[in-house]
Amino acid sequence: MTVLLLGGTGEARALAARLAEAGVPVVSSLAGAASPAVLPAGQVRVGGFGGVAGMVDYLRTHRIARVVDATHPFAAQISTNAAAACRHQGTPLLRLSRPSWRTRPDASGWHWVARLADARAVAEGVGHRVFLSVGRQSAAVFTGWQGGYVLLRVVEPPQTPVPDGWEVLAARGPFDFAAERALLLSRRIDVLVTKDSGGDQTAAKLDAAAALGIPVVIVARPPDLPGVPIVDSVDAALRWVTGRH
Ligand SMILES: NC(=O)c1ccc[n+]([C@@H]2O[C@H](COP(=O)([O-])OP(=O)(O)OC[C@H]3O[C@@H](n4cnc5c(N)ncnc54)[C@H](OP(=O)(O)O)[C@@H]3O)[C@@H](O)[C@H]2O)c1
């Protein structure tokens, strides 16, 4: 019973390790755009499937028994494709998505926007020196930022030059509170823009912003896909795959 694990996240890597340990055959799938810090345990395949039809073909030819979609909460296309392909093939699908930051006590004080495209105008209304923590693919929306200074933190540097007045910081989490607070202070950041990626690894920036009274503009997650069960922990995903409780 081979499990296809759609990955590219820390949770996916952790689940791959637990499945391999439990003796469950697992193939982790990575998009291939970024170079992973550590490769997941078990087999790994890299690159797109070629849309829904390509994934259907993959599920069939590799006799995939179950699929766990542990991709990033904002990787909406691959999740939609997985739902359609699994529905077509009758393959059980589980979504593993780390806990949202919406339940944090300070979340009600943030500026929530539905789309990244809306974040810029809202952020321009509250600050001038922005800390942009939205991933390199999303940063282009902030070209022409009116405040002048942009601190862009990314895992890997952008492939194209950034506008004048931007500072790029390439760093991979986890990040701690003291370092995040020091970063916000040293760059005189007065607004933080991020996405509701959730989880613990990158939450310290929100704690630091709260401590310093810096406004937060945050992009809400894409909606959950109807009919796809969802869990927020590696343990729960492992139970779903193995049927052991
Ligand atoms: N979006 C983020 O903020 C973010 C942050 C951290 C990590 N990631 C990881 O980076 C990957 C790409 O993110 P994205 O936002 O560009 O995704 P996306 O917009 O949902 O996916 C775009 C296309 O990339 C391919 N793809 C994406 N994830 C794949 C995977 N795990 N295995 C094989 N093909 C995959 C698929 O191509 P085909 O249609 O050809 O199959 C998909 O249609 C994801 O796997 C995600 O877990 C994303």
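Predicted model: local features only at pLDDT ≥ 70, side-chain atom pairs only at ≥ 80, totals over all residues.
User: Why is Ser29 called buried?

Analyst: The relative accessibility of Ser29 is 6%, and the term buried applies under 20%; Ser29 therefore counts as buried. This residue lies in strand 2, residues 26–30. Its contacts beyond four places in sequence include Leu4, Leu5, Leu6 and Phe49.

User: Why do strand 3 and strand 12 stand at the edges?

Analyst: The open sheet has six strands in the order 3-2-1-4-5-12, with parallel pairing. Strand 3 (43–46) and strand 12 (230–231) each have a single partner strand, so one side of each lacks a neighbour in the sheet.

User: How do you know that the length of helix 1 agrees with its number of residues?

Analyst: At 1.5 Å a residue, the twelve residues of helix 1 should span 16 Å. The end C-alpha atoms are 17 Å apart, which agrees.

User: What makes the buried residues of helix 1 line one face?

Analyst: The buried residues are Ala12, Leu15, Ala16 and Leu19. Seen down the helix axis, the buried residues fall within an arc of 105 degrees, so they line one face of helix 1. These residues pack against strand 1, strand 2, strand 4, strand 5 and helix 7 (234–242).

How values were computed
Residues numbered from 1 in each chain as written. Heavy atoms only, no water. Helix = DSSP H or I, 4+ residues; strand = E, 2+ residues; numbered from the N terminus. Buried < 20%, exposed > 50% of the residue type's maximum accessible area, 1.4 Å probe, protein only. Contact = heavy atoms within 4.5 Å. Pairing = 2+ DSSP bridges. Expected span 1.5 Å × (residues − 1). Arc of directions from axis to C-beta.
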